Every structure is written in C-alpha cells, then in structure tokens.
Amino acid sequence: MEAAGEERGAPASPAAAVDPWLNDTREMAFVNGSVITLREVRHAMGPAYEQYLDRREELAAFVNARVKDLVLRRLVIEEGKRIGFASSDEDLERETERAERKAAEAGSTLEQTLRDLGMTRREWDDRTRDDILYQRALFYFTGQFPDRFYAEDRYRPAVDFYVSPGEIRAYGARHGADLGVLRPAEATLRFIDLRVDAFRGAGVTDAEAWRRCERAMDGAEERIRDGESFADVAKAVSMGPEAPRGGLAGPFRRDSPLREEFLAWAFREGRKDGDLSPRFRLPSGLVLVRMERLEPERTSPIEEWAPAVRARLVDLKRTVAWNDVQIDLLEEASVSPPEVRALLLNQLRSNNRRLRDDLEGIAETAGSR
C-alpha cells in the first residue's frame with residue numbers, strides 16, 4: 001500500500017546522514033581482529049559522553065584517549081585468558097552485589113545506573129567479567145600473586161620490589177618537598193588592621209581621614225610599648241577579619257596567598273619571634289604585623305616518612321614492570337589504526353624511560369653513600 005501523496009515510480013528519498021558520534025556501531029579500532037565500537041567507548045565514558053556531544057573537539061579528544069585505554073585493556077584480558085584466568089558466576093555475583101550496594105548508597109538502583117549508561121544487563125555482566133579478568137592479570141603480571149601461582153614453565157614477572165634504606169633516603173632527599181620530608185619555613189602572624197574608611201564621615205576630607213587613621217595606629221603602638229599584649233590591642237582596635245582571634249593568622253609559607261610585603265618582612269633573614277613590623281600603608285589603611293612564631297625550614301624524622309616513600313618506590317617499580325608487559329603485548333599485537341598502536345608504544349616507552357632514570361638515579365645515590 002502506497003503512502004498518501006506518494007507517486008508510483010518516484011525515486012526513493014536518500015537516507016538521512018547518520019551522525020558519526022551517535023552511531024553505536026562505528027568501528028573505532030581493531031585488536032587482533034576484534035572490533036572496538038563506539039558503543040564500548042560510550043559505555044566506558046558514562047554520562048560524560050552525552051555532556052560533550054555539543055563540543056565535538058573535546059569529545060573527540062576524550063574518545064581517542066578512551067580508545068587507547070580500551071586497546072590496552074583488550075590485550076591484557078586476552079593475555080589473561082591465554083594463561084588460564086577466568087571469571088566465575090560467583091565472581092560476577094559478588095561484583096553485582098557490590099554495585100547494587102553502591103547504587104543504593106547513592107539513592108539509586110543498579111537497573112537505573114544501567115539505564116543512565118545506556119547498557120543492557122548482558123553488556124554490564126560481560127564488562128564486569130572483563131573487569132575481573134583485567135584486575136587479575138594486572139596483579140599477576142606485576143608479581144602480586146603468591147609464589148605458588150607462578151609455574152616455572154609460565155611467565156613470571158622479573159620485578160625486584162626490594163627497597164633498601166639507602167634508596168628510601170635518596171628518594172626522600174630528591175623529592176622531599178613533595179613528600180613532606182622537607183618542611184618549608186612557616187610564619188604565624190598577628191595583625192592590627194585599621195581601615196581608613198572607618199575614619200571618614202560627613203565633611204571629613206581624605207587627608208583628615210588618613211590623619212585620624214595614623215593617630216589611631218599611634219595609640220595602638222603606644223599601648224603595646226606600655227606592655228599591653230599585641231593580641232589584646234588587636235582585639236580592641238583591629239578592623240580585619242582576624243580581630244576576634246587577637247589578630248592571629250597563619251601559618252604562612254613563602255608561597256602563601258598573602259600580600260608580598262608581609263611575606264617579604266616575615267621571611268627576611270634574621271627575623272625572630274616577637275618582632276614588630278613597621279606600619280604598612282595600604283590603599284585600604286594601615287597594618288601593623290607581629291611575628292608570633294617562626295618555624296624554620298626543617299627535615300621531618302625519617303620514621304615519619306619512610307613507610308610512604310617505600311610504598312611509593314614499590315609502586316614505581318610495579319609501574320615500570322606493568323608498562324613493560326603492555327609494551328610486549330603491543331609489539332606482538334595487530335592493532336588498527338596503526339597510529340593508535342604507535343602512540344601507545346611511544347607513551348609507555350617514554351613513561352618508562354622517565355621512571356627508570358629516576359629509579360636509577362636514586363639507586364646510584366644510595367650506592368654512593
């Protein structure tokens with residue numbers, strides 16, 4: 001039966017163009033002959049995918065990054081299966097219960113989560129099984145399985161996770177600022193902050209307002225010279241936000257968001273507790289500063305930071321080993337587009353060169369002690 005108004009023999013209308021970013025079957029990459037579709041990428045990105053649909057350049061960048069992640073993930077899962085890993089129904093049930101609890105804590109359900117992701121339950125089950133396999137493979141290839149799981153005729157990670165005391169000290173010396181090994185100098189200050197606007201009024205000139213502000217600061221300084229504590233004077237006369245605390249603020253470091261003239265005064269060589277600054281004239285008024293407490297730069301006891309440094313060094317060594325595994329898998333794999341494989345190899349090799357340089361420099365420093 002012909003549609004109303006349709007002429008017999010008229011040419012068919014051309015099919016509407018499909019938006020490539022809405023085409024779930026779009027082939028994004030191939031890994032050893034198996035395809036990674038846009039649907040997989042969209043599921044991996046979650047609701048963020050929809051949020052970037054009107055910003056295509058940003059979306060393309062996120063998608064490209066996720067495609068690379070999925071290529072590596074696919075290779076790791078394939079290798080895990082090759083050496084005998086599997087996910088049981090019990091594994092899936094346990095992960096499902098965990099996901100249901102997480103959804104309930106967020107006031108939702110697993111079914112609603114799947115709808116938000118545009119996933120079927122079967123797709124979620126398959127991805128969860130893959131997640132289990134991926135995690136097991138990662139732990140296996142980075143030497144985190146008990147020794148009995150590594151047969152002599154099977155791949156065994158050649159990773160030395162031993163960290164010597166010398167390496168810990170060398171890493172602490174090299175990365176001390178990031179790890180809290182070296183604590184920067186800190187200054188706790190008190191302020192008396194007088195705002196010139198408080199001295200303005202009807203018929204009061206700007207010059208007179210400043211003179212009144214100056215006289216008020218003269219009075220505050222005189223009270224301090226007469227023995228009254230800076231904190232009590234600040235509580236009585238200061239107009240800054242620190243006034244209720246007796247002007248107390250900080251501690252501040254050299255890079256703290258504080259006026260440069262205050263920091264320059266606080267960290268000037270020879271500064272000591274109890275010092276009073278000259279009065280600072282600011283656009284807002286006058287400020288007087290007292291050094292309440294100055295903590296010099298110091299090194300924390302090794303007992304405080306050694307466990308964290310050791311854990312970080314072990315993690316770095318595992319990262320190098322894991323990158324090596326992924327490099328080996330990529331070198332042996334068939335990946336298309338070829339530029340995806342090339343980019344991944346370049347990133348992994350570059351990352352490992354940087355990490356190895358750092359680790360070798362630490363080992364050399366430790367060995368020279």
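Colleague: To begin with a single side chain, is Phe-262 buried or exposed?

Modeller: Please bear in mind that this is a predicted model. Phe-262 has a relative accessible area of 5%, and since buried means under 20%, Phe-262 is buried.

Colleague: And which aromatic residue does Phe-262 pair with?

Modeller: The partner is Phe-191, and the pair is tilted, with 5.4 Å from centre to centre and 55 degrees between the planes. Phe-191 belongs to strand β4, residues 186-195, while Phe-262 belongs to helix α11, residues 260-266. The two are 71 residues apart, and the pair thus links distant parts of the chain.

Colleague: What about Phe-191, buried or exposed?

Modeller: Phe-191 counts as buried, at 5% relative accessibility.

Colleague: How many aromatic pairs are there?

Modeller: The count comes to six. Among them is Tyr-140 with Phe-141: the ring centres are 5.4 Å apart and the planes stand at 75 degrees, so this pair is edge-to-face. Tyr-140 and Phe-141 are both buried. Ring pairs also join these two residues with Phe-85 in a cluster.

Colleague: Which charged residues sit over rings?

Modeller: Arg-26 has its charged end over the ring of Trp-21, 4.6 Å from the ring centre. Another case is Arg-281, whose charged end lies over the ring of Trp-210 at 3.7 Å from the centre.

Colleague: Let us change topic. What is the overall make-up of the chain?

Modeller: There are 13 helices and nine strands. The chain has 369 residues, of which 39% count as buried. Among contacts with a separation of 6 or more, 67% are between residues 24 or more positions apart.

Colleague: In what order do the strands of the three-stranded sheet run?

Modeller: The order is β2-β1-β9, in an open sheet with antiparallel pairing. β2 (34-37) and β9 (335-336) are at the edges with a single partner strand each, so one side of each has no neighbour in the sheet.

Colleague: Which helix packs on that sheet?

Modeller: Helix α3, residues 56-82, packs there and touches β1, β2 and β9. The direction of α3 makes about 30 degrees with that of β1.

Colleague: How many bridges join β1 and β2?

Modeller: Four bridges, in the antiparallel sense, with β1 spanning residues 27-31. Glu-27 stands opposite Thr-37 of β2, and Val-31 has Ser-34 as its bridge partner.

Colleague: What does Leu-59 touch?

Modeller: Not counting residues up to four places away in sequence, Leu-59 touches Trp-21, Met-45, Tyr-49, Tyr-52 and Leu-53.

Colleague: Two serines interest me. Where does Ser-277 lie?

Modeller: Ser-277 is in the loop between α11 and β6 (280-282). Ser-277 is buried, with a relative accessible area of 6%. Leaving aside neighbours within four places in sequence, Ser-277 is in contact with Trp-265, Leu-288 and Val-289.

Colleague: What separates the C-alpha atoms of Ser-88 and Arg-129?

Modeller: The separation is 8.2 Å, for residues 41 apart along the chain.

Conventions:
Residues numbered from 1 in each chain as written. Predicted model: local features only at pLDDT ≥ 70, side-chain atom pairs only at ≥ 80, totals over all residues. Heavy atoms only, no water. Pairing = 2+ DSSP bridges. Contact = heavy atoms within 4.5 Å. Axes fitted to C-alpha atoms, helices over the stretch in contact; angles between N-to-C directions. Phe/Tyr/Trp six-rings, centres within 6.5 Å; stacked < 30°, edge-to-face > 60°. Buried < 20%, exposed > 50% of the residue type's maximum accessible area, 1.4 Å probe, protein only. Lys NZ or Arg CZ within 6 Å of the ring centre and 35° of its normal.
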